[in-house]
Amino acid sequence: MLHVRSIWNGAISFGLVSIPIKLVNATESHSISFRQIHTEDGGRIRYRKFCELEDREVTQGEIGKGYEDADGSIIPITDEDLSSLPIPTAKTIEIVAFVPADRIDPLQMDAAYYLQASGAPAAKPYTLLREALKRSNKVAIAKFALRGRERLGMLRVVGDAIAMHGLLWPDEVRAPEGVAPDTDVTVRDKELDLADALMDTLGEVDLEDLHDEYREAVEEVIAAKAAGEALPQAPEPAAGGKVLDLMAALENSVRAARESRGEEAGEHAEVKSLPQRKTARAAPKQTGGKKSASTAKKTAAKKTTASAKKSTAKSGQGTKKTASKSTASKSTAKKTPAKKATPRKRSA
């Protein structure tokens with residue numbers, strides 16, 4: 001049984017069945033709170049409540065609530081006035097429907113509460129409602145009044161208890177107009193594949209392993225200042241910049257996520273980026289390089305062969321020439337270049 005002070009006492013109306021319950025908070029805040037101080041001497045800053053008509057400070061027992069009318073006049077409203085409202089939900093959580101859980105938009109969810117059975121007579125109907133919710137795989141939609149207004153609620157089973165999430169009214173949820181990019185963007189399949197790979201690499205997480213690092217850092221600062229020690233230094237921010245290549249950013253993210261999980265790069269199929277466009281100069285340079293290499297090899301081979309083979313620079317002409325012509329061309333080729341040998345033959 002929860003030993004938490006209830007914030008509301010009433011009953012759940014389940015058809016003709018009434019279940020006395022207490023409403024207790026299901027969540028708590030662990031955030032660090034600060035006090036306002038006078039920076040010159042560290043004195044506490046406090047607010048006092050004054051009556052503007054009598055110009056004096058009043059106690060909490062003298063303070064009530066009132067509604068300010070359009071003309072500025074105040075209409076006093078007491079707790080008794082609110083407790084006698086002519087609506088059934090003033091002291092009752094009235095279940096109005098049972099719907100599948102996916103019918104509830106998470107944007108509507110507000111504060112969470114536990115519904116605690118109040119007394120032994122509530123045990124049987126409480127258990128009946130809990131088991132009915134379990135077997136139907138549905139949630140109950142209810143209306144209730146709390147803190148001066150009527151609200152919507154969603155009842156569901158959490159362990160052996162019934163929890164209730166406060167829901168905003170549908171007209172209290174803003175439409176996402178003007179939020180999404182207003183420019184036309186085309187997402188390629190390759191980019192989606194990389195995004196899927198990143199999601200798979202990050203995997204799932206046990207929410208119990210997550211903790212509030214900001215609160216821990218603030219506690220370290222407070223402890224250091226209280227002890228008169230040097231404050232912990234903040235880490236250098238990661239070098240940021242404009243993402244120019246989405247594909248490269250996704251690939252680097254996948255690689256970093258795998259390394260952080262201790263996985264080798266080859267353990268998963270790698271998604272390659274789209275090939276980059278080649279410039280017009282790239283192809284000729286590669287082709288020219290191949291030709292120059294082959295020419296160098298041929299030149300070296302010619303220097304190492306016998307002088308008889310040097311006359312056959314062109315394979316087509318070498319096969320047609322006779323042995324005597326080949327011998328004559330050899331002697332001529334040693335003295336003069338091949339182009340000058342032709343006029344000498346004609347003059348002879």
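## The chain as a whole

A residue counts as buried when its relative accessible area is under 20%. In this predicted model, buried residues make up 18% of the 348 residues in the protein chain. The protein chain exposes about 27800 Å², and carbon and sulfur atoms supply 54% of that area.

The secondary structure of the chain comes to 9 helices and 11 strands. Among the contacts between residues at least 6 apart in sequence, 58% join residues that are at least 24 apart.

## Helices H3 and H5

Two packed helices are described by the angle between their axes and by the distance between those axes. For helix H3, which covers residues 189-202, and helix H5, which covers residues 246-260, the axes come within 9 Å and cross at roughly 20°. Angles under 35 degrees count as roughly parallel, and H3 and H5 are therefore roughly parallel to each other. The crossing in which H3 passes H5 is left-handed.

On the side of H3, the contact is made by Lys190, Glu191, Leu194, Ala195, Ala197, Leu198, Thr201 and Leu202. H5 contributes Leu246, Met247, Leu250, Glu251, Ser253, Val254, Ala257 and Arg258 to this contact.

## Two loop residues with positive phi

Most residues other than glycine have a negative phi. Asp55, however, has a phi near 55°, a positive value in a residue other than glycine. Asp55 is found in the loop between strand E3 (50-51) and strand E4 (56-57), and because its relative accessibility is 61%, Asp55 counts as exposed.

Asn137 is not a glycine either, although its phi is positive, at about 55°. The loop that holds Asn137 runs between helix H2 (123-136) and strand E9 (138-146). With a relative accessibility of 65%, Asn137 counts as exposed.

## The surroundings of Leu82

Leu82 lies in helix H1, which covers residues 79-83. The relative accessibility of Leu82 is 32%, so this residue counts as partly exposed. When residues up to four places away in sequence are not counted, Leu82 touches Lys65 and Ile77.

Leu82 and Gly148 are 66 residues apart along the chain, and their C-alpha atoms are separated by 7.3 Å.

Key: Residues are numbered from 1 along each chain as its sequence is written. This is a predicted model: local features need pLDDT of at least 70, side-chain atom pairs count only at pLDDT 80 or more; totals for chains, interfaces and linings use all residues. Side-chain values use heavy atoms; hydrogens and water are left out. Axes are lines fitted to C-alpha atoms, for helices over the stretch in contact, and angles run from 0 to 180 degrees between N-to-C directions. Helices (H or I, at least four residues) and strands (E, at least two) are DSSP runs, numbered from the N terminus. Angles under 35 degrees count as roughly parallel, over 145 as roughly antiparallel, 65 to 115 as roughly perpendicular and the rest as oblique. A crossing is left-handed if the near helix is turned anticlockwise from the far one by less than a right angle, and right-handed if clockwise. Contact means heavy atoms within 4.5 Å. Buried means under 20% relative accessible area, exposed over 50%, partly exposed in between (1.4 Å probe, protein chains only). Accessible areas come from the Shrake-Rupley method with a 1.4 Å probe; for residues, only the protein chains shown count as cover.
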